[in-house]
Each structure stands twice: as C-alpha cells, then as structure tokens.
Amino acid sequence: MEGLLFWSPAVVAVGAGIAVFRVDSMARATYALALSFVAVGLELLLLDLAYLGVVTVLMMVMEMAIMAVFMIMFMMNSAGLMPMSMVHNRRGALALSVGVFLSLAAVALLTPWPERRGTVPEDPTRSVGTGVMETKMLVMMGVGAVLFTTIVAALVLAASRSRYDVRGGRR
Amino acid sequence: MGVRGARRGRGRLARRAAGCPHVLLVVCPGATGLRLETEAALAALGGVRALSPADADVLLVVGEPSAELRRAAEVTWSQLPGPRVRGVVAGPGRAEDVLRRLVPLLGSAEQEADAADRDDTAVPGPEGDPPGGLPMADRAEDRDGLTLDVLRVALGPVLPHWPAGLVVDTRLQGDVVQSATARVLRARAARGPSYWAPGPDASPDLRRGRCAASHLDALARLLSVTGWAGAASGAVALRDRLLAGEAHERVRADFRPWRRRVEGSRLLRWCTRDLGVLLPADARRLGVGGPAARAAPPHDVSARLRQWLVETDAVLGGAPPPDGGPRGEPAAAPSSALLGAAVELLPGRELAEARTVLASFDPDPDEPGAAPSVAAGAS
Amino acid sequence: MTVEAAPAWAALPVLAALLALASAAAVLDAASPGGTAGAAPRGPARAARPLAETARLLRQRRHTTAVRDGLLWQVGVAGPVVIAALMVAVVPFGGQVVADVPVGVVWFNAMDVCLWAVVWLAGWSPDSPYPLVGGYRYLAQALGYELPLMFALTAPAVAAGSLDVGTVVEAQDGLWFVVWMPVAFLVLLVGVAGFSLWGPLGAPGGGDVAGGVFAEASGVDRLLLLAGRYALLTAGAAMAVALFLGGGAGPWLPGWLWSLLKTLAVLGCLVVLRGRLPGVRPQTVVRLGWVVALPVVLLQVLAVSIVVVVEG
C-alpha cells in the first residue's frame with residue numbers, strides 16, 4: 001500500500017515531466033509541468049511534511065498559471081492554439097537532462113543514509129526548518145519580510161502608471 | 001421503468017426545459033421599436049436573453065436584415081448548440097406570436113435528433129498552420145515598444161448590450177484595444193426618423209416620453225456593461241412603463257428612488273470616474289451635442305451617466321427635451337459625432353473600459369445619416 | 001467543542017450537503033431581484049428556474065468550436081466542482097471533519113490557487129476571443145485579491161496558533177473570531193466572491209464579453225461550470241463559518257446542523273448582495289486589493305499577533 005502511494009505520484013511526476021517536451025502546445029507544456037510539481041508535492045505529504053507539500057502545490061500552480069499568461073498572452077499567438085515545439089538543441093538537452101537525472105538518482109540511492117535514531121518529532125516541518133537554518137532562522141525570516149517589501153515597492157515604483165493608464169489618455 | 005417510462009420522463013424534461021428559453025436577438029438597424037416589443041414579449045413569456053450563441057436556444061432576427069447582417073445571423077445560427085429554432089420578427093405586433101410558435105418546437109423529438117446528429121466541427125484547413133484554417137494573429141509594437149501579437153476582433157453586430165447594427169473592428173493586444181474602426185451596417189429599407197426622436201409633428205407628450213425612455217434605455221445598457229444587472233433591470237422596467245403610456249408623474253415617482261440608488265453607489269463612481277474623458281474643446285471639435293456635451297467636469301463616464309439621470313428627471317417632470325431629441329438636435333444626426341468621439345477614446349483602453357466608454361456615449365445607429373465609418377488608433 | 005476525523009463514509013453526506021447548499025444558492029439567486037432569472041415573473045415559478053435550467057442544459061448538445069483543446073477544456077470545466085469538493089473536505093461540520101489535514105488552512109488556499117489554473121484553462125481552450133479575455137481577467141483579479149485573502153486566512157490561524165481548521169474552531173470557544181477580526185472576515189468573503197466569479201468580481205464571466213469563460217460552454221459543460229460556481233461559493237462560506245463564526249458551536253441544536261445553518265446564512269448574504277452591487281473592473285480590483293485591502297488586513301494580522309503575544 002505504502003509502495004503504491006509512493007510510486008503512483010512518482011510515476012506521474014516523471015511522466016508529466018517528460019510530457020512537457022513531448023506536447024506541441026504551450027498551454028499543455030505549462031500544465032504538464034504544473035502536474036509534475038503537484039505530484040512532487042504529494043510525495044512531500046508522504047514524508048509527513050504536510051506544510052511543505054501543500055505549499056509546493058500552492059506555489060507551483062500559481063507560478064505556472066502566471067507563466068502561462070505571460071508566455072501565451074504576451075509572447076505567443078494570443079488566439080491560442082498554434083502548435084509549437086518546446087525543444088531547442090535536442091541532442092544536447094537530452095544528454096544533459098538524462099545525465100542530471102541519473103546523477104541525482106544515484107546520489108539518492110547510493111548515499112549511506114543513517115538509520116533512524118529516536119522517534120519522529122512532533123512537527124517534522126519545524127525540525128527540518130531548524131535543521132537547515134539552525135540559529136539563522138530569525139535572520140532568514142527577517143530577510144523574507146524585507147524581500148517581500150522590496151518586491152512590492154519595486155512593483156509600485158515601476159508600474160505607477162500601470163499597463164492600462166488608469167488616469168488620463170494615451171501616452 | 002421501461003421504454004415508455006423513459007419516454008415519458010424525457011417528455012417531462014423537454015416541457016420543463018422549454019419553460020425558460022434563452023433567446024439571442026439579432027437586431028437590425030432601424031428596428032428599435034420592434035426590439036422593445038420583442039424584449040417585452042420575451043419577458044412576458046419568462047424567457048431570458050442569451051449572452052452568446054452557445055447559450056441560446058432561439059435565434060430571433062428582429063427587423064429586416066441587410067445582406068451583411070443576414071450573413072452574420074447565419075454564422076450565429078451555426079453556433080447554436082441545439083435543440084434550436086429560429087424566426088424573424090418582421091413587423092410590429094408579431095413578436096409574441098412568433099415566440100409562442102417557436103418555443104414549443106424546442107421540445108419536439110426532431111429537435112433532439114437534430115441536436116444529436118448534427119456535425120458542426122469546422123472542416124480543418126490544409127495540414128500544418130494555421131490550425132483549422134484560422135488566420136494567425138499579426139504582431140505589432142505595444143505601448144512600451146515590445147513586439148507582441150495582435151488579434152483582430154470585430155465587436156458586434158451580435159453582442160449583448162450593444163447598439164443594433166454597429167460593428168467596431170478592433171485590433172487587440174491581450175485585451176487592450178490598439179486601434180478601432182466603427183461602421184454601421186446598412187439598413188435594408190430607407191430609414192425614417194429614429195424611434196427615440198419622433199418628428200416635429202408628434203405630440204410633445206410623446207416626444208418627452210421617448211426622450212426619457214431613450215435615456216433609460218441607454219442607462220440600462222451602460223449599467224449592464226458595468227456588470228450591475230440589478231440596476232439595469234430597474235431602468236428597463238421604468239422604460240417599458242413609459243413606453244406603455246403610463247403618466248410621466250407616476251413613473252417619475254418610482255424613478256426617483258432608483259436614481260438615488262444609482263447615484264449613491266460609491267463602487268459605481270469608482271469604476272466610472274476618470275474614464276473616457278471628453279473635454280469641451282474636443283466635444284466642439286467633434287461636433288458632439290446633447291447630454292454628452294452638457295456633462296459636468298471632469299467630463300468622464302461618471303459625469304455623462306449623471307447627466308442622463310438629471311435630464312431624465314427633468315423631462316419626466318414636464319420640461320421639453322433640451323435639443324428636441326435625446327442625443328442632440330435630431331436634424332444634425334448627432335450619433336455620428338457621438339460614435340466618432342467614442343471611437344477616438346477606444347485605443348489604449350482595455351476591453352471592459354472600451355465597452356463602458358462606448359456605452360456612455362450610446363450612439364443610435366437608427367439615425368438616418370449615421371456615419372458610415374470612423375477610425376482611430378495606430379494602424 | 002472538539003473536532004476529530006470522521007469515518008471515510010462521511011465524505012458522501014458532506015458531498016451531498018455541498019450540492020444541496022449549492023442548489024439552495026441557485027434557487028435563492030433566481031428568486032432575488034436582478035438574479036439569473038432575468039425579467040421572469042415573480043413568485044414560485046421564479047424560484048423553480050434552476051430546475052428548468054438544469055433540464056434545459058441536460059437536453060442541450062455540447063457545442064464545440066472549430067479548433068479547441070478538448071482535454072484541457074474538460075479539465076477546466078470539471079475543475080471548479082472538484083476543487084469545491086476538495087475545499088469542503090477540510091472544513092469541520094460540527095465535531096467531525098472528512099480529511100483531518102494538519103494544515104487545512106493552507107490546503108484551502110492551495111485549492112483556490114488551483115482555480116487560477118482551471119478557470120484560465122476553461123477560458124483558453126475553446127480558442128475564442130471572449131472566453132480568452134474572461135480567463136485573463138480571472139487571473140488578473142486573482143492577483144488583486146489573493147494576497148489579502150492569504151493574510152485574512154492567516155489571522156485566525158495566528159490566533160489559534162495552528163493551521164489546522166479543527167483547532168481554529170476549538171480556539172473560538174467563548175468568543176467567535178469575527179468579533180475581534182472583522183476585517184479579515186470581510187476580506188475573506190471578498191476573496192470567496194473573487195474565486196467564485198461572483199457579483200462585483202464577476203468580470204471574468206461578464207456580459208460585456210458575451211459571458212466570458214462561459215461564452216462557449218453549452219449543455220453539460222455549462223451545467224458543470226455553473227454548478228461549480230455555486231459550489232465554490234458554498235465551500236467558501238463553509239470555510240468562513242469554520243474560521244470566524246465558531247464552526248458548529250451553538251446551543252440546543254447538534255453541531256453539524258449549526259454548521260449547516262451558519263453556512264446557509266453566509267451563503268444567503270453573498271447571493272443577495274450580488275444584485276445590489278455594480279461590477280468592478282479587474283484593474284480596479286487589483287488597485288483596491290493592493291492599496292486598500294492588503295494594508296488593512298496586514299494591520300489586522302498585526303493586531304491579532306499583539307493580542308496573542310500579550311495574552312501569552
């Protein structure tokens with residue numbers, strides 16, 4: 001049962017990832033990528049990292065939706081369904097991506113992971129966070145807030161006029 | 001439940017379904033009177049006006065279509081999913097009969113068979129691009145100098161809350177209008193005076209009633225475009241009462257609270273202010289008269305809307321229409337200037353704004369001598 | 001009150017409740033002035049409209065456009081109903097919840113972001129300009145209400161010290177959160193209207209673009225889209241009840257009934273308000289969202305955090 005729970009999202013994640021380069025439509029490629037990330041989010045749920053899993057789904061779907069808008073609305077045929085290839089430099093890309101995939105998979109399989117000592121902590125997400133950040137947690141949270149403020153401020157400054165020219169006529 | 005039971009169940013379903021027909025109107029220029037009649041008949045039968053062909057069961061051509069409008073109606077007809085029926089309201093007093101005859105046909109078994117068997121997928125074009133034989137959109141520079149795709153979209157002649165027979169050919173980038181050209185489809189027969197501005201030999205009472213009703217009709221269209229269906233249906237009800245001949249004083253008594261509600265809406269003011277500003281100098285240059293020219297500063301959609309409310313109130317109170325017609329001096333064909341002003345303001349506007357601006361001028365294609373074609377924007 | 005995981009079969013009655021409430025919303029919408037029934041005569045016939053409309057759409061053929069992406073169209077059409085069901089899965093009814101996810105609040109948020117994808121697909125895949133514009137409008141205004149909505153969901157989570165919806169309900173023992181975080185409650189309701197294409201935020205399905213994302217939908221497809229819209233409204237109302245109105249808390253009646261009644265009340269307010277407000281254009285939504293709603297709701301979260309720290 002546990003194997004099925006692991007393998008089905010795993011197959012979907014890899015399969016959807018391959019589909020990104022097999023389909024001939026911008027929208028399908030974008031949403032295949034989104035599906036792949038959703039499957040990865042589900043794998044995180046299996047690790048009892050509920051927050052990280054759900055946030056992965058949230059962020060990735062949001063990102064892909066925005067990406068679809070920019071790619072299709074501003075760069076591609078706005079009427080939509082022009083077939084187009086998602087591949088450039090076919091051979092090189094294939095060699096590179098297979099190489100990266102194999103080496104990452106090898107690292108995952110060949111690393112001598114330690115046996116579990118003690119019990120699962122109450123909140124694994126928090127433990128992972130403090131494990132990675134250690135004493136820098138507070139600093140990183142502060143940096144997060146500063147980054148967010150910077151993004152908003154930069155947006156306001158750059159787009160005070162907005163795409164639509166709210167006030168006044170055309171330039 | 002056997003075969004007979006299933007058939008009976010299906011019959012009941014069909015009867016229920018025919019109780020709320022969705023009707024798409026294709027209104028010909030010059031057929032305003034017929035349109036109002038048809039709308040009233042539709043409401044009396046419990047029908048709903050469809051927003052798009054895919055939403056419609058009944059296609060009703062109102063008036064006598066010219067060749068071009070007939071083609072548009074034909075294309076629209078091919079987009080109705082079915083069960084579907086179509087008819088023509090060619091003369092006064094027939095709308096209700098036509099609807100009463102058409103709607104029951106929707107429930108028939110032949111209709112179901114037609115809907116099940118019809119194959120309307122367009123024949124695909126030659127292999128490769130463009131898919132389905134649809135033209136690929138062009139590219140052009142946008143406001144910031146980026147080369148982006150443009151799409152040619154004709155607004156009208158079959159579009160909800162849209163002046164009859166008007167077509168605005170636009171070039172869109174995303175949903176921003178880059179350029180616009182407006183034209184009024186020719187009417188089949190020579191046009192008399194507009195329904196809204198009956199000639200000088202009409203009684204003063206009729207002329208006042210028509211003027212107020214015209215403003216209410218325009219207000220309903222504008223409010224519908226901004227997405228306020230509740231207020232729009234109020235305007236339609238008041239309009240129909242006026243046209244049915246109810247005393248102006250009594251209509252005015254109900255107009256007042258409605259006006260307060262519309263004027264009091266802060267959300268509506270937010271969404272219409274600073275939009276579609278037509279400065280007095282530009283109004284003079286373009287020859288715009290009537291309420292649009294009298295609107296107070298800042299001369300935006302909000303101001304024009306308020307001007308309609310004020311003038312409707314005054315006319316209902318017994319004042320004569322300021323220019324003899326609702327849009328300006330009827331002899332001067334004021335709608336050409338209104339259409340020109342609207343089209344000049346369209347480029348650079350996003351689609352919802354563009355439609356709001358156009359609705360705030362409300363040109364009347366029925367007027368004889370309405371401009372054949374006006375253009376604006378980067379070519 | 002305590003909230004615990006319900007047995008698996010509880011998914012069925014919850015799904016039935018979702019559909020029943022969504023139908024109730026459709027009936028109320030048809031019966032209220034300015035609602036979907038248009039100029040139809042008043043009275044019981046008006047309220048029975050949704051039934052007639054359903055019959056009509058079940059008989060109607062599914063219309064297709066010349067070139068379309070059939071697979072993505074189906075994802076877009078079925079998406080809203082499915083997502084609404086996934087949303088209510090984490091909402092407790094009385095003392096029971098179908099999916100006892102420890103991060104239910106974030107789950108709800110993730111589901112509403114998934115709507116960005118599916119509604120945009122419903123607009124894009126028919127390859128027709130008006131639905132396309134509708135799809136873009138949905139994303140544009142989502143950018144306006146999403147951040148305020150996120151922080152509105154954060155406020156009760158901060159007060160309860162947990163992202164678990166059940167814990168948030170339990171933390172409201174005695175004092176409902178709506179009393180001391182009304183701003184967050186209102187912003188949540190606006191967000192619910194936004195992701196349900198409802199009322200003032202209905203521009204993606206607006207009449208000015210011939211029905212927007214609904215423009216090319218007919219037959220069962222249209223039925224699913226419309227049902228999805230009411231179901232989303234219902235799911236949003238149910239979440240608002242759990243986070244701000246004490247969930248199933250109340251005297252005399254059983255908890256699940258209180259949850260149901262409160263959800264119905266919030267739903268009723270959302271439906272009735274629709275005919276009374278004009279539409280807001282997407283760029284105005286973005287402006288109001290970032291300039292007005294975001295600062296106000298951030299202040300609300302700050303106030304809540306201070307109270308939590310002071311109270312210990």
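Student: How many residues of chain C are in contact with chain B?
Tutor: 48 residues of chain C are in contact with 50 residues of chain B, where contact means that two C-beta atoms, placed from the backbone, lie within 7 Å. This is a predicted model: local features need pLDDT of at least 70, side-chain atom pairs count only at pLDDT 80 or more, and totals for chains, interfaces and linings use all residues. Residues are numbered from 1 along each chain as its sequence is written, and chains are lettered from A and ligands numbered from 1 in the order in which they are written.

Student: Which helix of chain C gives the largest share of the side that touches chain B?
Tutor: Helix 3 of chain C does, with 8 residues. Helix 3 (49–59), helix 6 and helix 12 (282–311) of chain C each supply at least two residues there; helices are DSSP runs of H or I, at least four residues, and strands runs of E, at least two, numbered from the N terminus.

Student: And what about chain C against chain A, how many residues does each give?
Tutor: That contact takes 21 residues from chain C and 24 residues from chain A. Helix 5 of chain C gives the most to the chain C side, with 10 residues.

Student: How does that side divide by class?
Tutor: The side of chain C that touches chain A has 17 nonpolar, 2 polar and 2 charged residues. Ala, Val, Leu, Ile, Met, Phe, Trp, Tyr, Cys and Pro count as nonpolar, Asp, Glu, Lys and Arg as charged, and the others, Gly among them, as polar.

Student: What does Trp116(C) touch?
Tutor: Leaving aside neighbours within four places in sequence, Trp116(C) is in contact with Val61(A), Met62(A), Ala65(A), Leu139(C) and Ala142(C).

Student: Switching topic: which residues of chain A does UniProt list for "transmembrane region"?
Tutor: The unreviewed entry lists residues 6–23, 30–51, 57–81, 93–113 and 137–160 of chain A. Such annotations may be inferred rather than shown by experiment. In the model, residues 6–23 of chain A are 94% helix, with end C-alpha atoms 26 Å apart. Residues 30–51 of chain A are 86% helix, and there the end C-alpha atoms are 24 Å apart.

Student: Where in chain A does pLDDT stay under 50?
Tutor: Over residues 166–171 of chain A; pLDDT is the predictor's confidence in each residue, from 0 to 100. Where pLDDT is low, the predicted coordinates should not be read in detail. Chain A averages a pLDDT of 80, and 82% of its residues score at least 70.
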